[in-house]
Amino acid sequence: MTAVDRAALATARRVVVKVGSSSISGENAAKIGPLVEALAQAHGRGTEVVLVSSGAIATGMPFLALDSRPHDLATQQAAAAVGQNVLIYRYQEALRSYRIVAGQVLLTAGDLENPTHRSNAQRAMERLLGLRILPIVNENDTVATHEIRFGDNDRLAALVAQLISADALVLLSDIESLYTRPPDEPGAAPIPLVAHDDSLDGFEFGSVVVNSVGTGGAATKVSAARLAAASGIGVLVTSADLVAEALAGADIGTWFAPNPAAGSHA
């Protein structure tokens, strides 16, 4: 059943969790351990968990002696090819003590737009979950072009949640919740709840940011959350440091209530 509120995350049947590059690469690479522990706890409760993880390019950068995120597509693809391998290895090493096996799923926007490719991706994901494998999804940066990219993995996570009829989507950020304006500005207030028909026109979420390791920002999370919620999937936006609390149903973050007219998942 679709998670209608935060508390339902603790008993959700199927949850998609998205984590960004800055949360699990560079000096934060050690945070993969606590993230995996939280996912393993949910997995142990019987929840089917899918992780959408950015970080291939960021993880590959040191191996290519790059000090900052490359701007040209070919170098981004090279960094992703190296980094994706290392990233999956780090996840699997962290999962090993919980006796959970990871399954790598790399997608392009074209895969979810082409009916045949979309059906194949859906069938593969369903089979992985049926085998109690933890799918780790990322954009296939090595073959994706600028024209066919998702643009950010927040949108990819929303589309994956739709693809597998997830009960909830958790978008992990570097702050505990969304704010009415950038949190470092005066008057910024946390937003605890966004109803499916709420207008957010009065809020300032800022534009997409591109930092030294990834792309994203509050604006992309709002857009992805609205996309998923409109299709009947509840969405929580909160800090990557609070992932365990989030999956346990704690009253944290910003909750995007699902559209009840979209129906619930069986």
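## A walk through the fold and its salt bridges

Let's start with the overall layout: the chain has nine helices and 10 strands. Keep in mind that this is a predicted model. Of its 266 residues, 52% count as buried. The accessible surface comes to about 11600 Å², and carbon and sulfur atoms make up 53% of that. If you look at contacts with a separation of 6 or more, 74% of them are between residues 24 or more positions apart.

Now zoom in on helix H2, residues 32–44. Several H2 residues are buried, among them Ile32, Leu35, Val36 and Leu39. His43 is on the buried list too, along with Ala38, Ala40 and Ala42. After H2 comes Gly46, with a positive phi near 105°.

Next up, the charged pairs. Side chains of opposite charge can pair when their charged atoms come close. Here the count comes to eight salt bridges. One of them joins Arg13 to Asp167, with the closest N and O atoms 3.6 Å apart. This pair links distant parts of the chain, 154 residues apart: Arg13 sits in the segment before strand S1 (14–19), while Asp167 is in the loop between helix H7 (153–163) and strand S5 (168–173).

Step along to Arg14 and you find a salt bridge with Glu48, the closest N and O atoms being 2.7 Å apart. Glu48 belongs to strand S2 (residues 48–53) and Arg14 to strand S1, so this bridge ties together parts 34 residues apart in sequence. The cut-off for buried is under 20% relative accessible area. Glu48, at 17%, therefore counts as buried, and so does Arg14, at 5%.

For a local pair, go to helix H4 (residues 73–96). Glu93 and Arg96 both lie there, three residues apart, which is about one turn of the helix. An α-helix has 3.6 residues a turn, so residues three or four places apart point the same way. The closest N and O atoms of the Glu93–Arg96 salt bridge are 2.5 Å apart. Glu93 is partly exposed at 36% relative accessibility, and Arg96 is partly exposed at 48%. Finally, back to Arg14 and Glu48: salt bridges with shared partners join them and Glu126 into one network.

Notes. Residues numbered from 1 in each chain as written. Predicted model: local features only at pLDDT ≥ 70, side-chain atom pairs only at ≥ 80, totals over all residues. Heavy atoms only, no water. Buried < 20%, exposed > 50% of the residue type's maximum accessible area, 1.4 Å probe, protein only. Helix = DSSP H or I, 4+ residues; strand = E, 2+ residues; numbered from the N terminus. Contact = heavy atoms within 4.5 Å. Areas by Shrake-Rupley, 256 points an atom, 1.4 Å probe, with all protein chains shown as cover. Salt bridge = Lys/Arg side-chain N within 4 Å of Asp/Glu carboxyl O.
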